[in-house]
Amino acid sequence: MATAAKKILVLYAHPSQERSEINKPLFDATKQHANVTAVDLYAEYPTFRINIDKEQQRLVEHDVVVFMFPLYWYSTPAILKEWQDLVLEYNFAYGANGNALRGKTFMCVISAGGSEAAYKEDGFNHFTLRELLRPLEQTANLTGMNFIAPFALFCARSAFEENRVDSHVNQWLTTLTALSEDRLDIALAQNVEKLNDHLDQVIREH
């Protein structure tokens, strides 16, 4: 008997979409994928008045949670932090009775303006992307979710001119399909630096 498809929740946060050459194409493609609920947080909550009950219900109804965003000052855009602060409540996401997220998969889809070499101990930014995402990884740990490596694009500002956007979008759609079909090896995906460098290893065949 075929297993039920995993339901994926993608929370997209980009405060200046009119200038987006990477995240908007990614999000547009994501919206067309089966088994995905794609939420544009800035469009849905332009005044940051987040509907906590609605967002918590979305989390309960999905198996995979994805944050999709451009890296802003080594962190998420503001609305994603507001979403975390309000939605991940005690006794919902953590605490004595907070088991709503336990066992779900959590990942980030990120674009960064700098080069990959800049995100190293001896690089311009001094830390790897995985290291900069430690607060989100620990959020996953606390809430019982499985945090897997980010799906990331570096040198995002030149990706369009260098014709790297389409291949990046296609890789992401391959990843989404593997997640929905439960063909992504979570244990392996937790232990690599950047997910899209290891898709041939972490995605199982049918």
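Mentor: One definition before we start: axis angles of 65 to 115 degrees count as roughly perpendicular. Also keep in mind that this is a predicted model.

Trainee: So how are α3 and α4 oriented to each other?
Mentor: The axes of helix α3 (residues 52-61) and α4 come within 10 Å and cross at roughly 90°. The range for that label is 65 to 115 degrees, so α3 and α4 are roughly perpendicular.

Trainee: And which residues in α4 meet α3?
Mentor: The contact's residues divide into five nonpolar, one polar and one charged. From α3 come Ile52, Glu55, Gln56 and Leu59, and on the α4 side they meet Trp83, Leu86 and Val87.

Trainee: Which element gives the largest share of the largest nonpolar core?
Mentor: That core has 36 residues, and among those touching the most other members are Leu59, Trp83 and Phe106. Elements supplying at least two residues each include β1 (8-12), β3 (64-70) and α6 (134-143). The largest share is four residues, and it comes from α4.

Trainee: What does Phe106 touch, leaving out residues up to four places away in sequence?
Mentor: Phe106 is one of the core members with the most contacts to other members. With those sequence neighbours left out, Phe106 touches Val65, Phe67, Leu136, Ala140, Met145, Asn146, Phe147 and Ile148.

Trainee: Is Leu173 buried or partly exposed?
Mentor: Leu173 sits in helix α7 (residues 165-180), and touches Ala29 and His33, not counting residues up to four places away in sequence. Buried would mean under 20% relative accessible area. Leu173 has 26% relative accessibility, so it counts as partly exposed.

Technical notes:
Residues numbered from 1 in each chain as written. Predicted model: local features only at pLDDT ≥ 70, side-chain atom pairs only at ≥ 80, totals over all residues. Heavy atoms only, no water. Core = buried A, V, L, I, M, F, W, Y, C linked by side-chain atoms within 4.5 Å. Buried < 20%, exposed > 50% of the residue type's maximum accessible area, 1.4 Å probe, protein only. Contact = heavy atoms within 4.5 Å. Axes fitted to C-alpha atoms, helices over the stretch in contact; angles between N-to-C directions. Parallel < 35°, antiparallel > 145°, perpendicular 65-115°, else oblique. Nonpolar A, V, L, I, M, F, W, Y, C, P; charged D, E, K, R; others polar.
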